[in-house]
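This briefing is for a reader new to the structure shown here.

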Amino acid sequence: MDRPYIFCHMMTSVDGKIMGKYMDTPEGEKAGEVFYDIAFGKAPYYRHQGWLSGRVTTDDNFTFYRKPALEENPPAVPEGDFVAEPDAGMYYVSVDPSGRLGWESSTLTYVDTTAHVVEVLTGKADNRYKAFLRKRGISYILAGEESLDYALAMQKLKSLFGIETLMLGGGGVLNWSFIQAGMCDELSVVVAAAADGASETPALFETRGGLAEDKPVRFVLRGAEAREGGCVWLRYAVLQDENPG
């Protein structure tokens with residue numbers, strides 16, 4: 001396979017929401033700990049070399065909607081990709097097609113996991129943004145002109161950074177678009193024993209924005225475990241070739 005093995009690992013409420021006030025309940029907090037331990041703890045189930053999220057998820061959790069500090073007329077950057085850290089061990093991959101995230105550092109820390117940042121850009125990202133990333137030592141790859149070329153992006157993550165296993169971590173639009181593109185092999189969901197009933201918060205999968213179709217996708221249950229705090233850990237294989245058209 002010329003791309004990483006990709007598993008989507010998410011925490012949700014009982015009603016399938018990936019954000020919301022339910023996360024602040026004791027049950028939500030315990031489910032969050034279980035979620036982290038499965039992927040990043042001292043004895044993780046998954047042995048991945050990176051995790052991937054979209055621009056909004058990145059802004060919500062790491063860049064906090066800062067604007068990038070762009071130079072007005074920087075020198076033209078070299079053509080192609082920029083690999084600042086080929087052997088970082090752990091990578092945070094952000095899909096940011098137009099180049100809008102305001103990074104301040106080439107690394108981030110999630111709880112006690114530190115990762116080197118890799119931006120996934122398209123032809124929409126201009127020279128100023130690429131110069132901004134290079135100045136901060138942030139790696140980037142180019143995949144597609146007007147829209148993301150999923151296959152090319154994943155191939156580059158494997159060949160340039162040695163990512164054999166990649167965690168897909170939302171939001172709901174990105175999760176669903178990867179599944180629809182045939183770029184997700186496994187689904188892992190920690191369901192918290194809580195809900196808040198909010199109708200505007202994002203769900204595990206969404207077609208919002210027209211980035212993916214609402215074509216049904218089927219899954220095969222591989223595991224179901226009761227965990228601490230009343231949460232449940234569900235694992236599914238994604239049936240890519242047998243989905244109804």
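Cys231 is buried, at a relative accessible area of 1%; buried means under 20% relative accessible area, exposed over 50%, and partly exposed in between (1.4 Å probe, protein chains only). The model is predicted: local features need pLDDT of at least 70, side-chain atom pairs count only at pLDDT 80 or more, and totals for chains, interfaces and linings use all residues. Residues are numbered from 1 along each chain as its sequence is written, and side-chain values use heavy atoms, with hydrogens and water left out.

**Cysteines**

- The structure holds 0 disulfides, a disulfide being a pair of cysteine sulfur atoms within 2.5 Å.
- Cys8 is in no disulfide, and its nearest cysteine sulfur, that of Cys184, is 5.3 Å away.
- Cys8 counts as buried, at 0% relative accessibility.
- Cys231 is in no disulfide either, and the nearest cysteine sulfur, that of Cys8, is 17 Å away.

**Nonpolar cores**

- The largest nonpolar core has 36 residues, of which Trp51, Trp103, Leu108, Leu133 and Val190 touch the most other members.
- A nonpolar core is a set of buried Ala, Val, Leu, Ile, Met, Phe, Trp, Tyr and Cys residues joined through side-chain atoms within 4.5 Å.
- At least two residues of this core come from each of β1, α1, β5 (113-121) and α3 (127-135); helices (H or I, at least four residues) and strands (E, at least two) are DSSP runs, numbered from the N terminus.
- Helix α1 gives the most to this core, with 7 residues.
- Another core lies apart from it and has 35 residues, among them Tyr91, Ile141, Leu168 and Val189.
- Not counting residues up to four places away in sequence, Val190 touches residues including His9, Met10, Val34, Ile38, Cys231 and Trp233; contact means heavy atoms within 4.5 Å.

**Aromatic pairs**

- A search of the whole structure finds 18 aromatic pairs.
- Rings of Phe, Tyr and Trp (its six-membered ring) pair if their centres lie within 6.5 Å; planes under 30 degrees apart count as stacked, over 60 as edge-to-face and the rest as tilted.
- Phe7 and Tyr46 form a stacked pair, 3.8 Å centre to centre with 10° between the planes.
- This pair links distant parts of the chain, 39 residues apart: Phe7 is in strand β1 (residues 5-12), and Tyr46 is in the loop between α1 (26-40) and β2 (50-54).
- Phe7 is buried at a relative accessible area of 0%, and Tyr46 is buried at 6%.
- Phe40 and Tyr110 form an edge-to-face pair, 5.4 Å centre to centre with 90° between the planes.
- Phe40 lies in helix α1 and Tyr110 in strand β4 (residues 107-110), so this pair ties together parts that are 70 residues apart in sequence.
- Phe40 is buried, with a relative accessible area of 8%, whereas Tyr110 counts as partly exposed at 25% relative accessibility.
- Ring pairs link Tyr36, Phe40, Trp51, Phe62, Tyr92, Trp103 and Tyr110 into a cluster.

**Pocket and cavity**

- The largest pocket has a volume of about 1,400 Å³.
- Of the 47 residues that line this pocket, Gly54, Val56, Thr57, Gly170 and Gly171 are the closest to its centre.
- Its lining takes at least two residues from each of β1, α1, β2, α2, β3 and α5 (172-180).
- The structure holds 1 cavity of 30 Å³ or more.
- About 40 Å³ of space lies in the largest cavity, and its lining includes Leu70, Glu71, Arg128, Phe132 and Lys135.
- On a 1 Å grid over the protein atoms alone, a cavity is a set of points where a 1.4 Å probe fits but cannot get out, and a pocket is an open set with protein on both sides within 12 Å along at least five of seven lines; lining residues have an atom within 4 Å of a point.
- Grid points are joined across faces, edges and corners, and a volume is the space filled by probe spheres set on the points.

- In helix α2 (residues 55-63), Thr57, Thr58, Asp59, Phe62 and Thr63 are buried.
- The cover over the buried residues of α2 includes β2, β3 (91-95) and β4.
- Val111 is in the loop between β4 and β5; its phi is near 60°, a positive value in a residue other than glycine.
- Val111 counts as exposed, at 60% relative accessibility.
- Gly170 and Gly171 are joined by a cis peptide bond, with omega about 10°.
- Gly171 lies in the loop between β7 (165-168) and α5.
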